[in-house]
Amino acid sequence: MKKTSILIIEDNDDIRESTTEILELANYQVFHADNGKTGVELAIKHLPDIILCDIMMPELDGYGVLFMLGKTPETSAIPFIFLTAKAERVDMRKGMEMGADDYLTKPFDDVELLNAIESRLQKKEKQEAFYNKSLEKIDNLVNRGDGLAELQKLVADRKIRTIKKKQIIFYEGDSPNGLYLLLSGKVKTYKISNDDRELLTSLYGPDEYIGVNALLSNDIYHETAEAVEDSSICMLPKEMVDQLVNHYPEVGKAFIKIIANNLKEKEDQLLQLAYHSVRKRMSQVLLRLAGNDPENAVLRISRDDLASMAGMATETVSRTLSDFKTEGLIEKKGSQIIILNAKKLVNMKN
């Protein structure tokens, strides 16, 4: 049986050697490097099951290592744990936003080390199972056959990223590196007007693809994508998606259908902004956020986001929600909105 392999990238000789000894005693196969540049080379050569990496190093620091490995499809999905003596929140946040999976603050003992590794490996197994479960829900995208099998393989090999609320996934003007599949949570896309107002263009839920238009048209993003709530996504590299679309016409047709639906959704949104009252627009936004089961749905969203989605001022949002509460359509508890009468919201008159 093949041993689980671990790559240690650490410039401190004592820490590197002691960590190697602990892991070898725990029956892991260990590779090690004393700088970031060598570490990247070893990662690409050996494709370890997990990587432990210091932040402050010569040649290439830990952030650079994470960035370089993230650009290579074969290494981008490998669980990555930072080893750092710097426990400041700003450093931890930067690493997590770049795609790191965990942190170990030096000095750490053998129990902390082994627990972190086992936890991360177990999470990877659960994530792969989660991919398979998620893919069952998108069978409608591709007919069962070679196309779906290749799509499953492509997604199953990718790494899940946890995106915090209000974290940006990509900015307007960026060039797409791949296609995003939202596994859980909600993501919005928006544009900024000349007077600095935020204009919502789309809202995405689980099992939906983000960035299809820009990727297939080989264009830049014309909107910014931001998490509305804590979410999990995976990114399918552009080269792999292009190859899949070129080899399997049914996959390309499925993505074209997504683009067509997006265009129809935007047309409907423009009609609502032009002809619907603020009450009707707000009811449509609440129902859209609630998804397929709106009755007693609990929504966690800011007034600013609601204003952007409904195309109205924040003050108007507050007044409209207060009216809905008085009429028994919703209940408000802090930042939460609970839908009490979805039927009346559906049948809201203009």
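1. Thr189 stands opposite Ser202 in S10. This pair belongs to the contact between strand S9 (residues 187-192) and S10, which run antiparallel and are joined by 6 bridges. As a reminder, the model is a predicted one.

2. S9 and S10 make up a hairpin, with 5 residues between the two strands. Asp196, in the turn, has a positive phi of about 70°.

3. S9 also pairs with strand S12 (residues 224-227); these two run antiparallel and are joined by 4 bridges. Here the bridge partner of Tyr190 is Thr224, in S12.

4. Helix H13 covers residues 314-326. At 1.5 Å a residue, its 13 residues should span 18 Å, and the end C-alpha atoms are 19 Å apart, which agrees. After H13 comes Gly328, whose phi is positive, near 75°.

5. Which residues of H13 are buried? They are Thr316, Val317, Thr320, Leu321 and Phe324. Seen down the axis of H13, the buried residues fall within an arc of 130°, so they line one face of the helix.

6. The largest nonpolar core has 27 residues, of which Met282, Leu286 and Leu306 touch the most other members. Two or more residues each are given to this core by strand S10 (198-204), H11, H12, H13, S16 and H14. H11 supplies the largest share, 6 residues.

7. Leu306 deserves a separate look. Leaving aside neighbours within four places in sequence, Leu306 is in contact with Met282, Val285, Leu286, Leu289, Ile301, Val317, Leu321 and Ile337. Of these contacts, Val317 and Leu321 are also among the buried residues of H13.

8. Apart from the core described above lies another, of 20 residues, including Phe31, Tyr63, Leu66 and Leu69. For context, nonpolar side chains in soluble globular proteins tend to be buried together.

Technical notes: Residues numbered from 1 in each chain as written. Predicted model: local features only at pLDDT ≥ 70, side-chain atom pairs only at ≥ 80, totals over all residues. Heavy atoms only, no water. Expected span 1.5 Å × (residues − 1). Buried < 20%, exposed > 50% of the residue type's maximum accessible area, 1.4 Å probe, protein only. Arc of directions from axis to C-beta. Core = buried A, V, L, I, M, F, W, Y, C linked by side-chain atoms within 4.5 Å. Contact = heavy atoms within 4.5 Å. Pairing = 2+ DSSP bridges.
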